[in-house]
Amino acid sequence: MGVTDIARLALRGAGIALAFSAAAAFAQEPIRIGAFLSVTGPAAFLGDPEQKTLEMYVERLNAAGGVAGRKLALTVYDDAGDAEKARTFTKRLIEQDKVDVIVGGSTTGTTMAAVPLVEQAQVPFISLAGAVVIVEPAKKWVFKTPHTDRMACEKIFTDVKARQLTKVALISGTGGFDKSMRGECVKVAPKYGVEIVADETYGAADTDMTAQLTKIRGTPSVQAVLNAGFGQGPAIVTRNYRQLGITAPLYQSHGVASKEYVKLSGDAAEGVRLPAAALLVADILPDADPQKKVVVAYKSEYETKYRSDVSTFGGHAYDGLMLAVEAVRRAGGTDKAKVRDALEATRGYVGTGGVVNMTADDHMGLDLTAFQMLEVRKGNWVVIR
Amino acid sequence: MDAQWVQFVAGGLTVGSIYALVGLGFSIVFNASRVINFAQGEFVMIGGMSAVSLLIAGWPMPLAIGGAIVVATIVGLLLAKVAIERARRADVVTLIIITIGASILLRGVAQLVWDKSVHRLPPLSGDAPLQLFGATIVPQSLWVLGATVAIVAALTWFFRRTRLGKAMLATSHNKLAAELVGIDVKRVLLASFGLAAALGAVAGVLIAPIAFTSYDTGIMLGLKGFAAAILGGLGSFPGAIAGGLALGLLEGAGAGYVSSAYKDVIAFVVILAVLFLRPDGLFGALRGERV
């Protein structure tokens, strides 16, 4: 062999080695997950645990070797509950950060602002917000993990019917979630033989609801009261409720399924019922419950790391991340169309929100068993079967 | 049905007293400097949140309340010294914008110092509702009403009988003349902000057991207190009280008799109507100009 032959062989070898390393380098491309969350602002109690959950589990997954040999890269933006900011950040995630999948949208408002962008750019998007309008009608690229407000109404009315009550008074706030849930409850009430006999509202920053509740108390046939709202309004409604001595059962929405609501309402919350995810009662779930393992694990991991009570909203973010990661695994890569198809084919995924079975028409995948009916007794939750 | 109006009045008076206290703060500062201090709502928030922090730190309730009022007063004095006094040669509109900036700053700092959650103070004498004339009210409502009456009496004495109070009144009538007779107008400005801040803090501490407190409670309360002060006549103390109570009653009656969805609309439409007929407010003295 001459010098030139050896040189040619070396060059060819180097070229092959380079090609292999380039392929290997390409396989090391991280799976980019984008998120826009309401970490500050009026919906901070949603976005803050969501961000903490995403960061914690991306770190854990990467420490365990990533997904299909690739690391996860998380980009989080804070929209402070502002739909316009959410739109801007979604654009940035799609165009600049070139994410493979988006998990975010803490509120219905911020989610709906992002929907047209993800549909146009064809990026799979898993929303963490509540209203039913997000998945109905089903949009090709939009999925969601939290239970809808319609499901909450149905769970509550099922309980109302079980107690043989028919006449329900509504009191709700004027925020997006409140209005949406109130509308859904009015729509589904006839299905459960429920008649809405009163319909009062209050402003989001109102400090006294005794006038509205006095009117409800004065309506002679009221048998139960449903407060569709979130934030501090329901706590004030609960206190005013007991102050006025109203004895009819009071139902709240899953929007206040948190210890904070119980703390603010104090003794007035005794006997209040609301639908909530199994996560809130992880400790008292029976061992046979399919969700027990997942919720107990998430609860202990979150509470150990962040030293604060776990919240269902963080649980929705956990489910969103895990669904996305599972879909990437099953799709064998981050091809957006394949990931989308894999998401839609999710069957039997057990999460903190419930057991998920998605279809082409159902991009949420939960049914009524995903909700537990809880009652507040002595400052703690009790499961009503 | 008859007892209903008593309930509406009870709720309206409670929340109206808070608007009255906040409105008083607006009027006091306006009198001393012609400035509308849009950070007034933030003083209410600082009072409530400070009391929550001190309570969590282990201070007994009376000291926590006192401490909260001191903290808010210091913030008020700082605002006057650092921002308003420095810019006193500026246009009144500029000073008003400075107070808007201050309110945004205070809200942002509150999020860092405290958190974004909603907090509650324990009530001064329990939660057990009382039955009065067919309406149920919580004892804290009586505290709010009683404290407002006591504060109005104390302020009347302060403005009529003490030198500083009389100096503040004199400055509000004619700033130049007050300066000429030797009143230190700078001191009056500082005292006005401090007093307004203290009043705001008292309102915040009183209402926190009923309406809770968080970093952004100042926005709505400040706006309604301002509306109350305008309704009663900006600069008039009895006007601020009357305006506050009237606004509270309008909201309660509007929610009770007309529509709970439109109660804020009703209240503000009435305020606009009053101002169309009497632009200086209910108690505003028609000011004459000396040529």
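1. Chain A and chain B touch through 25 residues of chain A and 26 residues of chain B, where contact means that the C-beta atoms, placed from the backbone, lie within 7 Å. On the chain A side, strand 7 (195-202), helix 7 (210-218), helix 8 (233-243) and helix 9 (259-265) each bring at least two residues. Helix 7 of chain A gives the most, with six. Helices (H or I, at least four residues) and strands (E, at least two) are DSSP runs, numbered from the N terminus.

2. By class, that side of chain A holds eight nonpolar, twelve polar and five charged residues. Here Ala, Val, Leu, Ile, Met, Phe, Trp, Tyr, Cys and Pro count as nonpolar, Asp, Glu, Lys and Arg as charged, and the others, Gly among them, as polar.

3. Please keep in mind that this is a predicted model, in which local features need pLDDT of at least 70 and side-chain atom pairs count only at pLDDT 80 or more, while totals for chains, interfaces and linings use all residues. Residues are numbered from 1 along each chain as its sequence is written, and chains are lettered from A and ligands numbered from 1 in the order in which they are written.

4. The predictor gives the complex an ipTM of 0.79 and a pTM of 0.80. Chain B has a mean pLDDT of 87, pLDDT being the predictor's confidence in each residue, from 0 to 100. Over residues 286-291 of chain B, pLDDT stays under 50.

5. Within chain B, helix 2 (residues 40-56) has the highest confidence, at a mean of 94. Its contact with helix 3 (residues 61-85) of chain B includes B:Phe43 and B:Leu54 from helix 2 and B:Met61 and B:Val75 from helix 3. The residues of this contact are 13 nonpolar, four polar and no charged.

Notes
Two residues are in contact if their C-beta atoms, placed from the backbone, lie within 7 Å.
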